[in-house]
Each structure stands twice: as C-alpha cells, then as structure tokens.
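Reader: I would like to learn to read a model like this one. Please take me through it feature by feature.

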Amino acid sequence: MHIVGGILPSGNRFMLTYLLLTLALLSAAGYYLGRHRAFAVANGQLRNLHSLPGFYGSYTALWCGLPALIVLAIWMVLQPGMIVDWVVAGMPPELRDLPPDRLNLMVNDLKNLVSGNIVSSTPNAAILEAANHYRNLQTIGNAALWVVVLTLAMAGIAIGWRKISPTLRARNRVEQVVNVLLIASSTIAIFTTLGIVLSVLFESIRFFHKIPISEFLFGLQWSPQTALRADQIGSSGAFGAVPLFTGTLLISGIAMLVAVPIGLMSALYLSEYATPRFRATAKPALEVLAGIPTVVYGFFAALTVAPLIRDLGSALGFQVASESAMAAGLVMGIMIIPFVSSLSDDVINAVPQSMRDGSYALGATKSETIKRVLLPAALPGIVGSILLAVSRAIGETMIVVMAAGLSANLTANPLAAVTTVTVQIVTLLTGDQEFDSAKTLAAFALGLMLFTVTLILNIIALQVVRKYREQYE
Amino acid sequence: MNKPSDSAAPDFRNRDIKTIVNAGLKRRHAAERRFRWYGLIAISLGLAFVALMFGNIISKGYPAFWQTYVQLPIRFDPTVIDPEGHHDPKAIESADYAALVRAGLRDLFPAVQGRTELRALYDLVSSDAAYELRRRVIANPALIGTSQEVWLLASATVDTLVKGNIDRTLDETERPIKDNQVGWIDKLQASGKIEKQFNTILFTGGDSREPEQAGIRGALMGSFYTLLITFLLSFPMGVATAVYLEEFAPKNRWTDLIEVNINNLAAVPSIVFGLLGLAVFINFFGLPRSAPLVGGLVLSLMTLPVIIIAGRAALTSVPPSIREAALGMGASKLQMVGHHVLPLAMPGMLTGAIIGMARALGESAPLLMIGMVAFIVDVPKGLMDPATVLPVQIYLWADLPERAFVERTSAAIMVLLAFMVLMNGLAIILRKRFERRW
C-alpha cells in the first residue's frame, strides 16, 4: 500500500471549483484588458499592430491562467502528502515510531476522522489532537493556495499588460502555446499505453516474487486463496493458470465456430449476391449486433440460452452444467458475427474487379469464382480479420462473467462449466481486497497475459491485413 | 510421346466440347444455388439472432413498466400518528405507519386470525406502503383523523402473480406465494381493489433489495456523470490529437509511435483499462473508489482512440484546396485550421464522438474493477459520490433470483438500448445533415 493522500479530500472540493471559476473569470478579464491595451497602444491605427487585437487578449489571458494553473496542479499533488508528513512529525513519539503498516492504518483513520467518515477504532486523545492539527494545516494550506494562485494570476495580467506593444509578436507566442498543447494531448495515447504496461507489469512482478512464474504458466491447479492465518485449513492456494487458458480457448473456440461461418458467408452474400437495396438494409441490421452492450448479451446468455441448452441436453441424455461453456461461447459467437462480416466485407471488396471478370469470362459460375478466385485472393485478409475477432473473444468479459462458471476445470467438454482469464480477473478484484495478497496480484498477472496475447494477435492481424492491402493497391 | 490414346485429349476431338460442359452444367448450377442458399441462411441466422434477442428482452421487460397496487381502507388514526396531539413534525415523522397499513389489511379481511396467517396477509403489501403514508401525512397533515381509500404498492410476489408469472397449479411449497395469499389476492381482484399502474418508481427510485421499490434513477445519474467526465476529457483531447497528427505533425518516428499506440489502444480489451484505473487512479493517485470521476477517467482513455480515428478521417475528408485558399489569403497555419478546416470537419468529429460515447455508455467491465459495482441506494449528487452506471446495474440485477428482478433487468436493458438507439440515431442524422461530398 502506498502512502497517498486523496488529491481531493472532501473539504477541498468546493474550494477547488470556486478557485477554478475565479481563475477563469480573471483570464476572461485578462483577455479584455489585453485587447483594450492593444487598441490603446495602436493609437487607433490597427495596422500598426503586429497581430490582430484578439491575439493580444489571448496573450494576456495565457499569462494570467497558465502559470497559476501549473502551480495549482503541483500544489494539489503535493499538499496532502506534506500535511500527512507534518502531522506525523507532530505526533507523540510512541505513535510516530509505529511500524509502517500500522502507521498507514492510523493515517487512514485520521483522514476518515477529518472528513467525518466512520473510523475503524475509537479515536484516543492523541489521534484527536492529530486530527485537529491536520484540519488546521489543511485550512492554512488552502488559504495559502488561494493567495498564491490569485497573486500569480494578477501578476500574469500585469506582465501581459506591460509587455503589449505594437511590435509584440502576440500571434506567434499564442500559437506556440497552442502548438505545445496539441503535442501534449497527442502524447496521451503513449502515456496510456505506458500506464497500462507499467501498472500491470509492476504488480505482476510482485506476484511472481510470491509465486514462481513457471508455476503460474504451467501449473494445472487454480484455486486462488491466501491464508489469513498460517495454520489455516486449505491455506495454500494454487496459482496454475493452465485451466484458465484452456477455458478461455474453449469458449473462444466455440464462439469462432459460430461467428466465422455465419460472418464469412454473410459477407460473401452481401458483397457478391445481394441487390444494393437488400445490402443497404441487411448490413446495418447485422451491425446492430456490434452495438449492443455486452452486458445485454451476458443477460441473454445466462437467462435464456443457458437454460435452453441445459434442457435440450438433458432431453437428449447429456449431462450439461448450468453454466456450460457452450452457452457463453454461442452467445459470444453471435456478438462477434458483425466483426467477422464487416472486416471480411472490406477485404473481399478490395479484391480487384478484373479478377472476377476474368473468372466469369472463362465460364465460371459465381460460386466457383468465389471459391476458386476470390477466397484464395482474399485469404490473408480474412485470416487477419479472424485473428482480430479472436483477440476480441479472448478479451470479452461481461458475457463470460455472467454466463460462464467460476470453477477452474481442465476440460475440453463444451457442456461442462469452465472459467476464463477475464472471469478470474473480475472475481479476484471485485469486493473487499487487500492489495498485497497473492490473490489480488494474480489478477494483474492474468491481465498482463491478456494484454500481451491480444497485443500480439492485433499486431499480427494488422500486419497481415496491411500486407494484403498493399498487394492490390 | 504425345500419343492421342493415353490422355484425355481424344475426348475433345471426338466429342463436342459443348456436351462436356452441358453434362456438368446441372451439377454446377445446383452447387451455385446451394452456395447462394448458404449465404442467405447465414444472413437470416444473424438477423434472427437480432430479432430473437430484442423479442426476448422486450417480452420479458415490458411488464415491468406496470406495477401492481392494492387499494386499502386506511384510517389515519391520531392515536398512532400523533398520540400527543401537538402536531409536532418530529412525532409525525417517526410514527408507526406500518401499523396503519396492517390495520387496513385486517379491516379488509377481518376473518384472518393467528400470527402466521396475519403475517402472510401483511406480506401482500410492500414495506414502501408505510413510507407512502408518511409522505402523504407530512405533505397534508389534515389527513390525520380521516379515513381514506389509498392505493398502496403491492409486494413483488403479488405483482408477479397478478402478471401471471407464477404457476398456480404448482404445489404450495414450490411457489413463493401461499394458497391463502392467492385466495386473498383473487378476492381483492374480484372487488377491483387491485390495479396495475404505470411504474414511476422504476424511473424515480434508487436501487433496493425489494424488487417493487427498485429503480434505475441512481444508475442513470451515475451514467450521466460518468459520461459527462468522459466527454469533457476525451473530446477536446481527441480533437487536439487528431488536429496535431493530421495538420501539424512532421512525419517521423515519434508520430509513427503515437499512431501505432492509438491503433493498439483501440484493440486493447476493456478490462485492461479497468486494471489501469485501479492501479493508477485509485491506488496511486488515491482517488475514491466507486466515483463517477474515476469511471469517467477510465472510459475517456478508452474512448480517446475512437474519437481520434474518427476525427482524423473527418479532417482528411476536407479538401486541400480549402487549406491552400486560407493560407493564400495570409492566414497562419493555426488560423487556417481553426477558422476553416476544423468547422468543416466538426460534424464528422461529433459523429465519431457520439458513437464513442454510446460505446462508453454500454461499457461495464472496466467499471467493475474500480468499484462501481457496490449496492448503492442513494442517487449520486456529484462526481465524487459513490455511484453505479446503468450497464453495471443490469449486471447486478441479473444476479438476483427474484422473477420481479428479471423483469426489471429487462426493462433497464430496454432503457439502455433506447439511449443507444437515440445516440446512434443522432449520429446518423448529423452525418446525413452535414456530410458534404467535395
């Protein structure tokens, strides 16, 4: 557990809103002042100015808002931690010298006490004293923040005002700032990927310190428990993820068995046989399937399809689990149909018409052209789109959480209950959790596997599709 | 070598080529027809699934928009409500209104005696009935001392029976409602004291463990706040990124890296974004669990690639002549983009954004990771209040065994789908209205 203060402890929230509002108002004032000043220094001759008056306004507004905002952000990040440090430093020594985890707990209690929540233990005098100290520091800190930010904003306006002259290259300055903002927002994608990789990787490494990586990758037993006491019955959990991988593959396999034939044949029919009018209605109707939230599929799978398959199976004399892989896989397959069909539709349409014409000229029927010319030519692209669909199926969560089981069975029987990687991530991380146990860390290790596998599948698929496109362009 | 006798060639010489083709033609045409049928069957299967799912959900869900009410004769007994006669609001608020409901039920069925029998009788009415009476009395204290016929919320089992979803032929022990209760309900129905009214609670109530009192308002507000954050963050950033990559960025390794990242993020499983949110926003930055703020942050990271990709497509569809004209008139690059290119690309960008928001509205997996699955009764009032969203509410209700919750889950799904249809319809209209072919 990290020692972190909430960025926005409850009392700060309204203050922050008002502060931001004030800052926005000041910036607007800065804009008008700057514009006005530009008119003034131009002596009524606008062509004396280097830039349009509005740019001088924006220039002043930026001087007002930007430094103040940066200071505000840094302040908000640093303040809670510093307050905690000061409060802890001001505590009696017997509290200060507690072991780190106990200290952490106490600090949490303290924060809850300050924000008026329920605390886990009755506060003693020292804690109450500390809470008061905390509150005082918070008030002082907030007041100081107001003063500093508003002073900066005013000073910014003054600087902007002073700097405005007919020769000031205001437009260029403003455009530089906007350019930096554009570049900054375009790096968000990189930071997101980095965030995903780092967060998942760090927790996974912690997990692999507790459970060896070979046991995780090749173990055949999955029962994620961690003991509360050392001598507890069943205290040793097993973290062998093979049953999860096979379960995921089984359900995705069933899904692909449903989605690939239906999706591919639909795409072929729509692009080769259907009249434009039929295509114009059937294609969007089929794509509705892609827009339905997955939780709806999950509900449908769990409450309609699963009982149906169970009744059907028992009527035929099979033993069907009520949360069979079949139900989840079938419904997931339905969900994936539009992915396969629209992706292969693109691919089929990319095959040059001349190839079709050549085949027809030799006397081939339509279906012969499709089977002997179109499909071989489009095969790489179709494989690519199927790989994308597989990665989608592996990462799908809600359907399996609602319709597949929780018990990790190592089986290939589609009528038995299996569990998947995503189901386990959800079950391990929902509900109360302590962040240090192997149980919760295992979820991140599974997440790492999921991320890696889907990433590799996507890269291969995109590569294949791109190569294929280039072939015909 | 080329002896005519050991190859198929003599056939061509001896027989007319037309007969060979004709011989195979029937088989080939049959294969053609078969193939065509396979295609048609595949499409019909796909469309049948759409129809089946919608039909299934609508047929299950539409009864939830109606709710059974029971009419009871209620005597607003002053000795129960206001025993001291001061009209003290506090006393009125804390009075035992459930006793009034029980008295009303006993008045209707005076013959019922004995503890178990009476308890079965009291179970016909929801626990909300007492709150309803309290609300009425607080709103209109003049009621005290009068007798009124009041429509009160029936319990979920009564509702289910009235809607015909309990098999009366089953043995008493196998259904949730007892024989004597069925008898009373039949009597009430015969005398017109049971009625189905439009279910407003579904839209005005928060979550509840009692199906008849459970509503989706809390979830809807949670979805609203979450999507608000998502839009406010992802739209400006998405537009800025698209503008930078299309109009300003030099073609180099760095921008290639950004592009690869965006394409990969679009394909990362949503649950991984949940893990990111848990590790970064909650554990590292210490933001509160279950808050719409965190949900919005996670969803905006998920929606960003969609908006960027749609935005770039919209920008490339603006013809270069417009840019050249603007630059030729002496505009700076930023003025060219801001005054001319961006306004022309805006409808396309908004369409992409709306489709991205519709997807975010239906997303639930990453929100499970950041704790938006708690049972929350109160309707959230801000970005930091614990909240849940509509899809997660559906997930939570789908787990509950009561038949009445199945009905409500389907109704919630219908509301969710209605919003999705609305958003996608808006996107289509926007595209049709403002799309320009250059």
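Author: Start with one residue and its neighbours. Two residues are in contact if their C-beta atoms, placed from the backbone, lie within 7 Å. Leaving out residues up to four places away in sequence, Ala301(A) touches Ala306(A), Ala327(A), Ala328(A), Val331(A), Ile399(A), Met402(A) and Ala403(A). This is a predicted model: local features need pLDDT of at least 70, side-chain atom pairs count only at pLDDT 80 or more, and totals for chains, interfaces and linings use all residues. Residues are numbered from 1 along each chain as its sequence is written, while chains are lettered from A and ligands numbered from 1 in the order in which they are written.

Reader: Is Ala301(A) buried or exposed?

Author: Count C-beta atoms within 10 Å of the residue's own, again placed from the backbone: 20 or more others means buried, 12 or fewer exposed, and in between partly exposed. Ala301(A) has 26, so it is buried. It sits in helix α11 (residues 294-315) of chain A. Helices (H or I, at least four residues) and strands (E, at least two) are DSSP runs, numbered from the N terminus. The C-alpha atom of Ala301(A) is 8.9 Å from that of Val400(A), 99 residues apart along the chain.

Reader: How do I check the length of a helix?

Author: Multiply 1.5 Å by one less than its number of residues. Helix α12 (residues 325-350) of chain A has 26 residues and should span 38 Å; its end C-alpha atoms are 36 Å apart, which agrees.

Reader: Where does α12(A) bend?

Author: A bend is the angle between axes fitted to the seven residues ending at a residue and the seven starting there. α12(A) bends by about 40 degrees at Ile336(A). A proline, Pro338(A), follows within four residues. Of the 26 residues in α12(A), 22 are buried, so the rest of the structure largely encloses this helix.

Reader: How many residues of chain B are in contact with chain A?

Author: 69 residues of chain B are in contact with 70 of chain A. On the chain B side, helix α2 (residues 17-61) gives the largest share, 17 residues.

Reader: And the overall form of chain B?

Author: Chain B has 19 helices and three strands. Compare its radius of gyration, taken over C-alpha atoms, with the globule rule, 2.2 Å times the number of residues to the power 0.38. Chain B comes to 33 Å, well over the 22 Å that the rule gives for 438 residues, so it is more spread out than a compact globule.
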